[in-house]
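Me: I'd like to go through the aromatic contacts in this one with you. Can you put the model up?

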Amino acid sequence: MRKIKLLALILISLAMVLWFNLRSSTPSIPTIAASPPKTIRYLERTLPQSIAHILLIPANSRFLVTPALSEKVATVEEFAQKHQATAILNAGFFDPANQKTTSYVVIQGKLIADPKENERLVNNPNLKPYLGQILNRTEFRRYLCGQTIRYSIALHSQSPPAGCQLVDAIGAGPRLLPQLSLVKEGFVDNANKRDALGSNQPNARTAVGITRDGSVVLVMVAQKPSAPSTSGISLPGLADLMKTLGAEQAMNLDGGSSSSLYYKGKTFYGKVDLEGNSIKRPVKSVLLVQEN
């Protein structure tokens, strides 16, 4: 009887050891943390003579950056309300006197704004020597390459890359990165002392850039209310700022009194008057940031 009990205890012990070993050798299933959704980041950077308001729109996110045009000039808040956009940045050049564009705008493959139809631009004798360059300035573009959305910055005359279709485009200029192209785009003529944008003077400025991974950087640099006549940023300084933000391609947008950025219900204006109050000038075209 004792032998039977002893044998039973041995068998129970062996069974427990075997069960423990099997349990220990079963591979555990790793827990995979859900990656956070790619979303917009807002940054504010204080510079020596200005304040930069920055939006980073990550590549391959649910957000699209597209142009929009208003029949009559409108504030960025009015654009935001009409298009239900998360963010708005002023974009192309226009003539405040007749409210007509001086920049090309393409939306969904259709040319909807043509500077050649602006008689004050094409018939201006002072601009006649530069008209060819003015009509071939830099554009921020959105391509559809197969099923992939791709952003780029190119001159108006440049063809889309092979396998890509131009969906949207909005012109302004000059190109900031990889090189500043003031002379090529007709903004500066050193021989005749022409500098249409006061490129080396501090002013409120606006820009768009594209990083190596395809993310979009929107920037509005505002003057400081405490020093309205001496604050802002030059175009070379704006190019340097875009580089520090990771942009490999970048272009200048309409600046000065047009400089304005809307984000999540709040608007930042770039230009201030001599009393330090924000100047709120309606604009003709913008870049929209919307959920796809």
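Reply: Here you go; keep in mind that the model is predicted.

Me: How many aromatic pairs does the count come to?

Reply: The count comes to 4 aromatic pairs. In one of them, Tyr 42 and Tyr 263, the ring centres are 6.1 Å apart.

Me: Why is the pair of Tyr 42 and Tyr 263 called stacked?

Reply: Stacked needs planes under 30 degrees apart. The planes of Tyr 42 and Tyr 263 are at 20°, so the pair is stacked. Tyr 42 is in strand S1 and Tyr 263 in strand S18, 221 residues apart.

Me: And what makes Tyr 42 and Phe 268 a stacked pair?

Reply: Centres have to lie within 6.5 Å, and theirs are 5.5 Å apart with planes at 5°, so this pair is stacked. It ties strand S1 to strand S19, parts that are 226 residues apart in sequence.

Me: Why is Phe 268 called buried?

Reply: Buried means under 20% relative accessible area. Phe 268 has 13%, so it counts as buried. Tyr 263, at 12%, is buried.

Me: What about Tyr 42: buried or partly exposed?

Reply: Partly exposed, because its relative accessible area is 28%, and that class runs between 20% and 50%.

Me: Which residue lies over the face of Phe 187?

Reply: Arg 137, at 3.6 Å from the ring centre. The distance cut-off for a charge over a ring is 6 Å. Arg 194 lies over the face of Tyr 130, at 4.4 Å from the ring centre.

Key. Residues numbered from 1 in each chain as written. Predicted model: local features only at pLDDT ≥ 70, side-chain atom pairs only at ≥ 80, totals over all residues. Heavy atoms only, no water. Phe/Tyr/Trp six-rings, centres within 6.5 Å; stacked < 30°, edge-to-face > 60°. Helix = DSSP H or I, 4+ residues; strand = E, 2+ residues; numbered from the N terminus. Buried < 20%, exposed > 50% of the residue type's maximum accessible area, 1.4 Å probe, protein only. Lys NZ or Arg CZ within 6 Å of the ring centre and 35° of its normal.
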